[in-house]
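I opened this notebook to record what I looked up in one structure.

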Amino acid sequence: NEFAIGANVIDTLLEYDNKGNLEASLATEWTYDDEAMTWTFKLREGQKWIDHTGAAVADVTAQDFVDAMKYVLTPEYASSTANLVFSVIKNAEAYYNGQAGVEGADVIDFSEVGVKAVDKYTLQYTLSKEVPYFLSMLTYVCFMPAYGPQLDTLGASFGTSADTMYYCGAYYISKFEPQVQMVMTKNANNWDADNVFIN
């Protein structure tokens with residue numbers, strides 16, 4: 001269920017092709033260090049966040065991945081996928097536990113968590129251990145980007161309606177009535193729009 005909507009409306013760094021092979025999406029290239037502990041991704045430039053009307057709002061940047069991960073690791077939002085981040089990203093669990101007030105946990109600054117925007121279009125993850133399947137994890141919702149200023153403004157109400165989130169995927173949610181209908185409309189601004197054949 002977690003992929004049913006997200007995969008259509010938010011692009012991730014990598015995605016699966018129609019044969020199940022990972023390929024570039026928002027990331028155009030990536031490298032890792034000798035220990036495979038630090039991964040660096042170059043983002044596709046000029047990609048836009050759009051609202052529920054299809055209007056462009058802002059560029060998709062590396063900071064959007066950082067801000068989204070901080071949101072996932074904020075205990076008050078009770079992310080059901082935060083544990084997936086705990087398992088691979090350096091200091092993610094320590095940061096979460098400190099924020100949650102877990103007994104004996106040190107409070108650390110988010111800057112110590114293994115995700116950072118090196119520059120506008122360069123994103124870097126530092127892992128807590130070697131993870132051979134790390135690239136496939138990047139398609140999970142907890143590694144999706146989100147527009148940071150919107151997260152700051154909306155807090156816990158982010159993503160609760162069509163107009164409380166922005167989109168960067170093949171589609172955007174143009175209409176949403178809970179338990180009644182959801183309409184996804186083709187995102188003409190998407191980098192791969194020519195290969196999206198359902199309007």
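I began with the secondary structure of this predicted model. I found six helices and 10 strands in the protein chain. I then looked up the radius of gyration, which is 17 Å against the 16 Å that the globule rule gives for 199 residues, so I recorded the chain as being as compact as a globular protein of that length. Along the principal axes, the C-alpha atoms fill a box of roughly 50 × 35 × 30 Å.

Next I turned to burial and surface. I noted that 42% of the 199 residues count as buried. The chain exposes about 10200 Å², of which carbon and sulfur atoms supply 47%. I also looked up the charges: there are 11 positive and 27 negative side chains, and the centres of the two sets lie 5 Å apart.

For the contacts, I considered pairs of residues at least 6 apart in sequence; 55% of these contacts join residues at least 24 apart.

I then examined the largest nonpolar core, which has 53 residues. The members that touch the most others are Leu-13, Phe-41, Leu-73, Ile-89, Tyr-125, Phe-134 and Phe-143. Among the elements that each supply at least two residues of this core, I listed β4 (38-43), α2 (62-72), β8 (122-126), α5 (134-137) and β9 (171-177). The largest share, five residues, comes from α2.

Leaving aside its neighbours within four places in sequence, I found Phe-134 in contact with Trp-39, Phe-41, Val-88, Ile-89, Tyr-125, Leu-127 and Phe-143.

Note on methods: Residues are numbered from 1 along each chain as its sequence is written. This is a predicted model: local features need pLDDT of at least 70, side-chain atom pairs count only at pLDDT 80 or more; totals for chains, interfaces and linings use all residues. Side-chain values use heavy atoms; hydrogens and water are left out. A nonpolar core is a set of buried Ala, Val, Leu, Ile, Met, Phe, Trp, Tyr and Cys residues joined through side-chain atoms within 4.5 Å. Buried means under 20% relative accessible area, exposed over 50%, partly exposed in between (1.4 Å probe, protein chains only). Helices (H or I, at least four residues) and strands (E, at least two) are DSSP runs, numbered from the N terminus. Contact means heavy atoms within 4.5 Å. The radius of gyration is taken over C-alpha atoms; the globule rule is 2.2 Å times the number of residues to the power 0.38. Accessible areas come from the Shrake-Rupley method with a 1.4 Å probe; for residues, only the protein chains shown count as cover. Lys and Arg count as positive and Asp and Glu as negative; His and the chain ends are not counted. The place of a charge is taken as NZ of Lys, CZ of Arg, CG of Asp or CD of Glu.
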